[in-house]
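Please load the model in a viewer with side chains displayed.

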Amino acid sequence: MSVTQTINKAASNPSRTHDYLYDPLFSVSSDRDHARATFKAHTSVDRIKRVPEYNTMFSNLRHHPRFSVRLEATDPVPAYINRQWRGYADQAREALVRYTTFNYDPSVQIPAVSYPDAEVAGRNRYQYFRRPIIPFLQQVPPDVLLATNKVDPLAPPESQQAARPPTPMTRTVAIQTDYRDSETQTEPYSPEYVVRPGSAPELLTLATLTFGQGLPAGLAEVEMIERARAKRAWEATLPPLNDVSQLDKRRKMMDEQERKEWAIREAEIEKLQEARLEVLKKLLQQREQNHRELTTKRLDRLWTKKQQHKEDKVTRIRREHIKTIRKLTKKRQNVEGKLERRDITHEYSNHASQTYAPISRVGVFLDRGSEQYVVKSRHLTTYEGLLELEGSLPDFVTQPRIRAPKQRSVVGKDGYVKRKNRREKELAEIYEEMQKNKLKGDEAPKPLRFLQKIEKPIPRPPTPSVEVPSQEEEDQELAVIFLQKLIRGKAVQNMMFEVCLFILQNMMFEGKEKRRELILELQSTHALQEAQQQMKKSEKEAILTLQRQRQMHQHKESNIDEGLADLEGQAIGDMLDFLSKELIRLQEERRIHAFSMLAERQRRIREAEESGRRQVEERRRREEDEIFKQVIGLHQETVDTYLQDIIIGSVDATAERQAREEVQRKAETINDIAYEIEESRTKLQSEEIVSELVHSFLLPEVQKQTTREKVKTQQRKHLLAAHKVVHKEGEGVMAMHGQPSPASDDKVMEDKATQEGGEKTSPKPVSPEPEK
């Protein structure tokens, strides 16, 4: 036989009760948590002790417990232990730090933080030191390893090692994540791009579309892209701006395109309004559905509440009924109202009494705490445990073998019947005879055949004696008791008589009222005199005649009332029909008036918006025309300046070439003359020739370069003044389109001109005002 024993281990306590006072590593966030820990320690079950009661140590009765629960009087924490929160000093220091941070006060000194001595070389040495373990000799990785030799003994000498490149500070390592891109990336990645000069990819027109705002593209985005393509194709077919003869055609095409765009815009507005109306319808339907659901839920909740209230009331009534029936039953058991003492012997002898089976309504629950005796094992609660338990049992438990008992032989080995069997047979025969005699009848008693020994009963203990009162006191007490019984009996008899009389009167009155018609019928049918019968008949005939007349009168009145009601109903129905139609017409008229007012208001709003847009478009068109005129004028000036620069450059080049040829011819002539003079000249003549050359060639060249720089400076001044005049006029228009200010271009051009002029000479500052 296998026995399963359940061992309940006590739960391990993660912390001790008074760690908040003793443990230096135990910390709480505030004084409130410290107070909470103190209260928890004071109210813990550690101080509750079970004290056995020696008189009833082995009792199982509720009113005689085995032990009593008491609170330990001694405080487990000594008096010299500080019970305050250890964080007050830290709070004061933090307050000083905050004060000195925001307020300069040199008189305030912040106390230094003092840490307790770790006693590394003292009693806490074992916490900081450990015997080293030789590496590579243990199967389990050691906690402390000896330092290994950094030089490889098998490596070749440094002289023979090849030059190794330096190890880079960073390197790229390829990894593979367990998550998908859709799980880790919120928006698709848009790589950087570079546009080839001179090209304009169509894909760049969609740069304003982002993920969630146009991408992935839907039907509206596709239509927008198609419209953009059509507009670019239309712009390609427009006549050029420099063709003055086709300006009217260009203006007509632009007007037609504008009308198309307005039509597309109005169609989009209508679509948006239809979508808004659909959304509004859905919202109204959803609101009605929500109202219906709320109403249904409210009714269901109210119905459930009423049903619960009804069930509670029925349960209360039934409970009161059971209680009343129980009280009446208990009261009828003792009608005389006699006081009965408690019979302890009867209670302990009756196993159905309150001692052995107390009632739960009295407050005793015998099954309380019975769950601690329930055997909880996986061998009994799970299928695998049952299979394991069945496999551990021997075969004779699961497969019992029943063997039929063998009949023992009555005859022994020597052929004689055994004495035991013979006596059993005789007893069986005697029992059969006795049964037959009982069936025949009771026989006369026979005289005793054998003497019987009469045992003496156990002598009873002496009866305790009580002092006998006097005869007068006993007679007086009996007289008082008799008077009390007589008075009580008379009072009960009078009460019972009154109750019975009241009940009889009620019963007689109820019977009379119930059978009143029967009594009247008997009185009318069984009259003793014929005169009374004739009188009854005449009364009956008169009553029948009056009833017939009354019925005829009621019938006439009902016909008249029916006709009048029909006429009134028709009139009222026509009137209500007219009023309802008038109400519906008035409501429809008001609704149509409201719709017309809303449509008129919407039309005015649209006209205002359209007029505003047209004004903006016209102003933008005028600005673009003015910009076009100024750009054309600037282009003409640029062409003129460019041609002038080309002509001046060609003239300078021709003059320079002719000058070079002339200079070369003069140089050849001068060389011939110089060679001739060189042969016959003196030192004084040589110096004179050098001075004349310097005066004739070097000084004029310097004057010529200075003159050229002055001319360029004057021309640059006029160019800068013209640029400023042009840019000042188009600055406001270009700022509307988000283009950079031309002031920056003027500054760049001025810096460039200054750099060009600074390569040779430093020119004078140029005045920004143009010359007139």
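This is a predicted model: local features need pLDDT of at least 70, side-chain atom pairs count only at pLDDT 80 or more; totals for chains, interfaces and linings use all residues.

Residues are numbered from 1 along each chain as its sequence is written, and side-chain values use heavy atoms, with hydrogens and water left out.

The structure contains 21 salt bridges, each defined as a side-chain nitrogen of Lys or Arg within 4 Å of a carboxyl oxygen of Asp or Glu.

Begin by selecting helix H15, residues 530-680. Helices are DSSP runs (H or I, at least four residues), numbered from the N terminus.

Within helix H15, select Glu582 and Arg585, which are 3 residues apart and thus separated by about one helical turn. Their side chains form a salt bridge at 2.8 Å, N to O. Glu582 is partly exposed at 29% relative accessibility, as is Arg585 at 46%. Partly exposed lies between buried (under 20% relative accessible area) and exposed (over 50%), with a 1.4 Å probe and protein chains only.

Next, select Arg603 and Glu607, 4 residues apart in helix H15, about one turn of the helix. Their salt bridge spans 2.4 Å, N to O. Arg603 has a relative accessible area of 37% and Glu607 has 43% relative accessibility.

Finally, select Glu617 and Arg620, whose side chains meet in a salt bridge at 3.8 Å, N to O. This pair also lies in helix H15, 3 residues apart. Glu617 is partly exposed at 32%, and Arg620 is partly exposed at 36%.

Note on methods: Helices (H or I, at least four residues) and strands (E, at least two) are DSSP runs, numbered from the N terminus.
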